[in-house]
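Here's a quick tour for anyone meeting this structure for the first time. Have a look at the picture, then follow the notes below.

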Amino acid sequence: EHSSDGRGRGLFASRHIKEGELVDDGLGVVFPDGMSFRRYIFSLPRNNACDMLDWSWTQKLEDGGEYKVLSDMTISVLCNGGEGSEVNINPKSSTSTNFFATR
């Protein structure tokens with residue numbers, strides 16, 4: 001397990017990643033509606049349900065569109081969040097699920 005400066009688990013690059021390079025497509029599962037997501041969560045063992053709740057969010061996938069429930073089930077769940085100068089990857093728009101290197 002890899003960790004960094006008390007920030008916990010995370011992903012670490014094994015090569016230089018250029019600014020603007022696609023790092024992760026970010027799109028795991030898009031649930032068709034809230035009830036589908038709820039049924040899925042309640043079908044899981046408790047510990048897995050808690051993890052999936054941590055790895056889920058709501059997002060509009062198109063301008064003016066409805067919010068959707070998304071869950072990521074890939075290694076990208078280990079990407080640590082950050083703010084300001086700490087951010088290493090970010091989507092280019094609020095509706096994008098693609099994450100690009102910021103520096």
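A word on terms before we start: helices and strands here are DSSP runs, numbered from the N terminus, and a strand needs at least two residues. Keep in mind that this is a predicted model.

**A loop residue: Asp72**
- You'll find Asp72 in the loop that links strand S4 (67–71) to strand S5 (89–90).
- Is Asp72 buried or exposed? With a relative accessible area of 6%, Asp72 counts as buried, because the cut-off for buried is under 20%.
- Leaving out residues up to four places away in sequence, Asp72 is in contact with Asp24, Gly26, Gly28, Met52, Trp55, Trp57 and Val77.

**The sheet**
- Three strands make an open sheet in the order S1-S6-S5, and the pairing is antiparallel.
- S1 pairs with strand S6 (residues 99–101) in the antiparallel sense, over two bridges.
- Across from Leu22 you'll see Phe100 in S6.

**The core**
- Which residues build the largest nonpolar core? There are six: Phe31, Phe37, Ile41, Ala49, Met52 and Val69.
- Helix H1 (34–43) and helix H2 (46–54) are the elements that give two or more residues to this core.
- Phe31, one of the core residues, touches Ser36, Phe37, Tyr40, Lys68, Val69 and Ser71, again not counting residues up to four places away in sequence.
- Met52 belongs to this core and is also among the contacts of Asp72.

Notes. Residues numbered from 1 in each chain as written. Predicted model: local features only at pLDDT ≥ 70, side-chain atom pairs only at ≥ 80, totals over all residues. Heavy atoms only, no water. Helix = DSSP H or I, 4+ residues; strand = E, 2+ residues; numbered from the N terminus. Buried < 20%, exposed > 50% of the residue type's maximum accessible area, 1.4 Å probe, protein only. Contact = heavy atoms within 4.5 Å. Pairing = 2+ DSSP bridges. Core = buried A, V, L, I, M, F, W, Y, C linked by side-chain atoms within 4.5 Å.
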